[in-house]
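Me: I'm new to this structure and would like to learn how to read it. Could you take me through it one feature at a time?

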Amino acid sequence: MRQNLDYDGDGNLVEAYVVGDVNCDGAFDSFDTDAFALAVSDPQEYAVQYPSCDILNADINGDGSVNGFDTDAFTELLTSGGNSGAVWEEYVWDGENRLA
Ligand SMILES: [Ca+2]
Ligand SMILES: [Ca+2]
């Protein structure tokens, strides 16, 4: 299982997302293949089709950009059994740094 964590400016965890969940349904599986191919080949069209997704979910090798180098990593991750143990969660914090 692989998971990425995003933090806000106060260091609060705001989002845990599943690496490779390129279509943003909360799981990484073969349904992500088409979305991944689109993210690599046509990021602008990807943004149109998946407006609420972070294209960096397709950054499988974690180097900060989405390109052909991620294709091998995507295939490897998929054939190794996917990422089903990871969870996708969002956390919202108020102005006093309290978890809402
Ligand atoms: Ca998915
Ligand atoms: Ca990458």
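This is a predicted model: local features need pLDDT of at least 70, side-chain atom pairs count only at pLDDT 80 or more; totals for chains, interfaces and linings use all residues.

Me: Which other residue has a positive phi near 60° without being glycine?

Reply: Look at Cys 24, in the loop between β2 and α1. Cys 24 has 17 other C-beta atoms within 10 Å, so it is partly exposed.

Me: Now the overall layout. What pattern does the chain follow along the sequence?

Reply: Here we list helices and strands in order. The pattern reads β-β-α-α-α-β, which comes to three helices and three strands. Of the 100 residues, 23% count as buried. Contacts tell us about the fold as well: among those with a separation of 6 or more, 46% join residues 24 or more positions apart.

Me: How do I read a helix, and which residues of α1 are buried?

Reply: The idea is to ask where the buried residues sit around the axis. In helix α1 (residues 32-41) they are Asp 32, Ala 35, Phe 36, Leu 38 and Ala 39. These residues cover an arc of only 165° around the axis, so they lie on the same side of α1. The face turned away from that side carries the exposed residues Asp 34 and Ser 41. The cover over the buried residues includes α2 (43-49) and α3 (69-79).

Me: How many residues does the largest nonpolar core have?

Reply: It has 14, and those with the most contacts inside it are Val 22, Ala 35, Phe 36, Ala 39 and Ala 58. Two or more residues come from each of β2 (13-18) and α1, with α1 giving the most, four residues. Setting aside neighbours within four places in sequence, Phe 36 is in contact with Val 22, Ala 58 and Phe 74.

Me: What about Phe 69: where does it lie?

Reply: Phe 69 belongs to helix α3. With 13 other C-beta atoms within 10 Å, Phe 69 is partly exposed. Its C-alpha atom is separated by 9.0 Å from that of Asp 59, 10 residues apart along the chain.

Conventions: Residues are numbered from 1 along each chain as its sequence is written. Chains are lettered from A and ligands numbered from 1 in the order in which they are written. A residue is buried if 20 or more other C-beta atoms lie within 10 Å of its own, exposed if 12 or fewer, and partly exposed in between; C-beta atoms are placed from the backbone. The arc is that of the directions from the helix axis to the C-beta atoms. Two residues are in contact if their C-beta atoms, placed from the backbone, lie within 7 Å. A nonpolar core is a set of buried Ala, Val, Leu, Ile, Met, Phe, Trp, Tyr and Cys residues joined through C-beta atoms within 7 Å.
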